[in-house]
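Please keep the sequence and the model in view while reading.

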Amino acid sequence: MQGHQFHKRVQAQRRAKVFKLAGPRYTPKLNVGVSIASVFDGLGRTTAFYELLKKPGTELLKNIRSVKDEEVRKVAGESFAALQALCVEVANLVAKVPLSGVEPIDFGLLGTVSKRASEAASKCVHLLYEAEEAERKRKAEEIALAKPSAKKESRSSYGEIYRNERYYLHQVIGNLRSLVELSGSNIALAANKPRVLLNGIAGSGKTHFLCDLAKHRIDRGQPTFIYLGEEISTRNPWGAIKGFLKIALPDEEFLAALNRYAAAKRTRAVIIVDAVNESLARPYWAQLNKVKRFKNLAIVLSVRSGFE
């Protein structure tokens with residue numbers, strides 16, 4: 001089959017149809033703040049997702065290299081050496097992930113190594129604080145013997161010895177914690193298992209969010225096909241979906257063709273069905289699990305709470 005059946009124009013026409021059917025449930029003027037937006041970046045493996053993953057890894061190397069080795073090694077030699085090795089390992093894991101495509105990402109390993117590195121960095125910071133405190137006390141005692149009023153002067157220089165090193169180590173910790181958080185998040189889960197069920201009470205903004213998601217993705221050339229549950233009038237939902245696209249192929253051939261179309265763009269095609277509970281045909285929604293066999297396809301369903 002020809003790729004024109006999945007063309008951006010076709011996606012935009014489908015989106016316009018859904019917008020019209022959604023009526024007051026969707027209005028561009030409505031500003032719904034939905035915190036899960038980044039989950040769908042993971043689902044679709046968008047540029048924003050890769051930036052979220054890559055940026056901490058890049059900054060991590062920059063910050064660890066800004067720490068003066070000779071200064072830190074005086075008080076945290078072994079711990080700092082371990083930290084440097086772990087940071088390189090983390091950075092390499094991130095660097096190995098290509099900037100596009102849908103290959104599985106080992107977030108389990110990335111999260112584990114990043115957590116170990118964060119703990120090592122925290123230990124280095126603690127040792128630097130201890131060294132500063134010991135030096136402050138030593139100087140305070142030394143100066144007090146000759147000049148009792150020097151305690152005030154001593155306090156003013158407290159924490160300055162390793163100030164720059166502590167600053168960059170705290171930046172390192174921030175980079176690593178970002179990767180630990182990402183690795184254990186729904187963003188990572190959606191990136192590797194691109195199937196999302198969005199539920200919520202009536203009027204909570206599900207339709208508005210999904211319509212906006214479709215518009216955002218289509219405008220950026222990311223393959224997206226959106227439907228309303230009320231439009232699905234066949235027991236096999238793929239029958240209705242193919243019908244709207246004017247495609248007469250067996251399900252597997254249709255999905256294989258759509259998968260090839262998305263693979264050529266080095267991304268995922270996302271199929272959205274909003275409000276599955278509103279279909280009168282009682283479709284066998286489990287049929288949609290066929291997308292699991294195709295790594296460049298993702299499925300998003302929404303359902304009103306209580307109808308799961």
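A crossing of two helices is called left-handed if the near helix is turned anticlockwise from the far one by less than a right angle, and right-handed if it is turned clockwise. Helices (H or I, at least four residues) and strands (E, at least two) are DSSP runs, numbered from the N terminus. The model is a predicted one, in which local features need pLDDT of at least 70 and side-chain atom pairs count only at pLDDT 80 or more, while totals for chains, interfaces and linings use all residues. Residues are numbered from 1 along each chain as its sequence is written, and side-chain values use heavy atoms, with hydrogens and water left out.

The chain holds 11 helices and four strands. Of its 308 residues, 46% are buried, where buried means under 20% relative accessible area, exposed means over 50%, and partly exposed lies in between (1.4 Å probe, protein chains only). Among the contacts in the chain with a separation of 6 or more, 83% come from residues 24 or more positions apart, a contact being heavy atoms within 4.5 Å.

Two packed helices are described by the angle between their axes and the distance between the axes. Helix H1 (residues 8-22) packs with helix H9 (residues 206-219) at an angle of about 160°, and their axes are 10 Å apart; axes here are lines fitted to C-alpha atoms, for helices over the stretch in contact, and angles run from 0 to 180 degrees between N-to-C directions. H1 and H9 are therefore roughly antiparallel to each other, since angles under 35 degrees count as roughly parallel, over 145 as roughly antiparallel, 65 to 115 as roughly perpendicular and the rest as oblique. The crossing of H1 and H9 is left-handed. On the H1 side, the residues that meet H9 include Lys 8, Arg 15 and Phe 19, and on the H9 side the partners include Thr 207, Cys 211 and Ile 218. Sorted by class, this contact of H1 with H9 has seven nonpolar, two polar and four charged residues (Ala, Val, Leu, Ile, Met, Phe, Trp, Tyr, Cys and Pro count as nonpolar, Asp, Glu, Lys and Arg as charged, and the others, Gly among them, as polar).

After H2 comes Arg 45, with a positive phi near 50°. Within helix H3 lies Asn 63, which is buried, with a relative accessible area of 10%. Apart from neighbours within four places in sequence, Asn 63 is in contact with Tyr 168, Gln 171, Val 172 and Asn 175.

The loops remain to be visited. Arg 266, in the loop between helix H11 (251-264) and S3, has a positive phi of about 55° although it is not a glycine, and at 44% relative accessibility Arg 266 counts as partly exposed. Arg 282, in the loop between S3 and S4, also has a positive phi, near 50°, and counts as exposed at 66% relative accessibility. Lys 290 is placed in the loop between strand S3 (269-274) and strand S4 (297-304), and is buried, with a relative accessible area of 17%. Leaving aside neighbours within four places in sequence, Lys 290 is in contact with Trp 238, Asp 251, Glu 252 and Leu 255.
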